[in-house]
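I opened this model to look up how its chains are built and how they meet. My entries are below, in the order I made them.

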Amino acid sequence: MTYVFDPDNWEWLVTGNNVRFILEGFAVNLEIAVIAMVLSLICGLALALGRLSRWTPLSVAAGAWVDVFRNLPLIFLLLYLALSIPGAWPDAYEDAIPSWFPEGLQSGRVLAAILGLVLYNSAVLAEIMRAGILSLDRGQSEAARALGMSYAQSMRLVVLPQGLRRMVPATVSQLITLNKDTTLVSIVAIQEVMRHGRIVTSANFFGGVQAPVLQVFLFVGALFIIVNLLLSRLSRRLEIHEQRRTAVGRVQRVRGLEEQAV
Amino acid sequence: MGDLISVLTDNLDEWLAGFWVTLRIVAIAFAIAMVVGTLVAALRIAPNKVLQRLGGAYVETFRNVPLLVLLFISFAGLRRAGFEVGPWEAGIASLGLYTAAYVAEALRSGVFSVSKGQIEAALSLGYTYRHALRRVVFPQAFRTVISPLGSLIIAMIKNSAIIGVSLLALDDLLKTARVISSRGFQTDEAFFWAAVGYLTLTGLATVTIRFLEKRYAIHR
């Protein structure tokens with residue numbers, strides 16, 4: 001305990017550019033997380049709708065896809081993609097990426113990272129969304145059809161708004177998990193917070209002070225706690241706001257889904 | 001096709017060893033997660049504000065920190081601080097303590113899912129509080145907890161792969177795939193068999209959970 005709180009071991013916080021360097025790495029994590037979140041939500045919804053499709057070949061294919069990628073370790077997907085993506089893809093990515101994009105995302109290696117994160121998380125989110133949609137009373141879509149809406153209209157106007165609102169808590173836990181999982185991309189050699197943390201702890205970085213590993217990664221852990229707590233606080237705020245706006249009372253949650261997100 | 005089979009058969013010993021390491025990590029870490037998770041859940045439902053806060057702090061901390069950061073702290077961090085921690089201890093403790101936060105939440109919501117009338121009825125029938133918990137509340141809570149705990153085991157199987165490729169370098173299934181693939185430039189084949197290994201584990205876990213859910217379902 002004395003080692004943890006010894007002021008000498010925290011001196012690195014105020015010397016040189018250590019903290020700034022770590023925060024720069026953390027920003028790369030957040031950038032990757034945001035891109036992966038947006039893409040995963042879009043792909044996840046597509047997969048969920050595919051799985052619920054009445055055309056059997058599509059629903060079977062989407063189901064198999066979701067079950068495979070949901071049950072493989074994310075780190076496995078990241079490593080495999082990093083080793084096996086054809087060399088032309090990262091080059092194409094580097095050409096295609098607009099120059100105003102953050103510096104951390106300019107490297108072609110990011111492609112494998114984002115691809116892996118999206119493959120895994122879209123499968124998990126698809127399962128959450130499917131459960132949300134299925135939890136809705138059948139009468140809702142039947143009533144919509146009886147009113148003369150097409151399948152697409154009843155989905156878009158009746159089923160999805162209600163079903164998706166129910167799975168907001170489960171989705172947010174998965175997004176928090178995604179945020180944590182961005183640390184795994186350090187293994188495919190992207191310069192993010194874990195790599196920057198290790199550089200700081202190697203001898204004679206900025207200021208000539210060697211930062212202790214334990215304290216540096218306690219600091220990194222604290223950064224994640226802050227961001228993730230803000231994320232869950234934000235979702236709760238959103239939920240309450242939605243309830244007031246739509247005046248439907250407490251939105252029924254889909255139970256048993258939060259555990260998916262570990 | 002011949003390549004695919006030979007990558008498995010030529011290195012069968014290594015594959016089995018890797019599979020066994022993954023299995024052991026998951027089993028021991030799950031035992032730790034269950035013990036610690038139960039304690040934390042007990043703190044969270046204790047009739048004392050301070051204890052509740054303590055349990056809550058544990059859950060919020062370990063749920064919001066990446067597992068990789070825990071591994072760095074428990075291995076490299078403690079070693080630099082002068083504690084001799086081995087990769088096995090660090091890996092299993094990190095995975096166990098990380099999952100314990102989720103176990104605690106699952107157990108807590110399981111206990112709360114039993115309606116209050118149940119315990120009141122048991123008490124009015126003359127059960128003591130301990131008896132009511134043991135005979136009435138826990139058996140019902142157990143049913144609702146099976147499926148979340150099952151999801152946690154599946155998540156642990158997946159998360160165990162992080163231990164092998166991080167700086168701890170335990171020779172688990174994924175690490176084995178990496179070694180074999182770099183030896184013969186047979187990336188696709190090696191990762192295919194690792195995928196088969198992981199899908200076998202998660203598939204077995206899924207089937208077992210479904211069986212247990214059916215077995216303990218309430219027939220009305």
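**Entry 1: chain B overall.** I note at the start that this is a predicted model. I counted the elements of chain B and found nine helices and zero strands. Read from the N terminus, the order is α-α-α-α-α-α-α-α-α. I took the box along the principal axes, and the C-alpha atoms of chain B fill roughly 70 × 50 × 20 Å. Of the 220 residues in chain B, 44% are buried. I also looked at contacts in chain B with a separation of 6 or more, and 71% of them join residues 24 or more positions apart.

**Entry 2: α5 and α7 of chain B.** At what angle do helix α5 and helix α7 of chain B pack? Helix α5 (residues 87–113) and helix α7 (residues 129–165) of chain B pack at about 155°, and their axes are 9 Å apart. Angles over 145 degrees count as roughly antiparallel, and α5(B) and α7(B) are therefore roughly antiparallel to each other. The crossing of α5(B) past α7(B) is right-handed. I listed the residues that make the contact: on α5(B) they include B:Gly91, B:Leu95, B:Thr99, B:Tyr102 and B:Gly110. On α7(B) they include B:Val137, B:Ala141, B:Pro148, B:Leu152 and B:Met156. Sorted by class, the residues of this contact are 14 nonpolar, seven polar and no charged.

**Entry 3: chain B against chain A.** I went on to the contact between the chains, which takes 39 residues from chain B and 32 residues from chain A. On the chain B side, the elements giving two or more residues are α3 (49–64), α4 (67–80), α5, α7, α8 (173–184) and α9 (187–215). Which helix gives the largest share of the side of chain B that touches chain A? I found that α7(B) does, with eleven residues. By class, I recorded 24 nonpolar, ten polar and five charged residues on the side of chain B that touches chain A.

**Entry 4: the core.** I looked up the largest nonpolar core, which has 122 residues. The residues with the most contacts inside this core are A:Ile75, A:Phe76, A:Leu78 and B:Ala194. Helix α6 (residues 109–134) of chain A gives the largest share of the core, 16 residues. I then followed A:Phe76 and, leaving out residues up to four places away in sequence, found that A:Phe76 touches B:Ala161, B:Leu174, B:Ala194, B:Ala195 and B:Tyr198.

Notes: Residues numbered from 1 in each chain as written. Chains lettered and ligands numbered in written order. Predicted model: local features only at pLDDT ≥ 70, side-chain atom pairs only at ≥ 80, totals over all residues. Axes fitted to C-alpha atoms, helices over the stretch in contact; angles between N-to-C directions. Helix = DSSP H or I, 4+ residues; strand = E, 2+ residues; numbered from the N terminus. Parallel < 35°, antiparallel > 145°, perpendicular 65-115°, else oblique. Left-handed = near helix turned anticlockwise from the far one by under 90°. Contact = placed C-beta atoms within 7 Å. Nonpolar A, V, L, I, M, F, W, Y, C, P; charged D, E, K, R; others polar. Buried ≥ 20, exposed ≤ 12 C-beta atoms within 10 Å, placed from the backbone. Core = buried A, V, L, I, M, F, W, Y, C linked by C-beta atoms within 7 Å.
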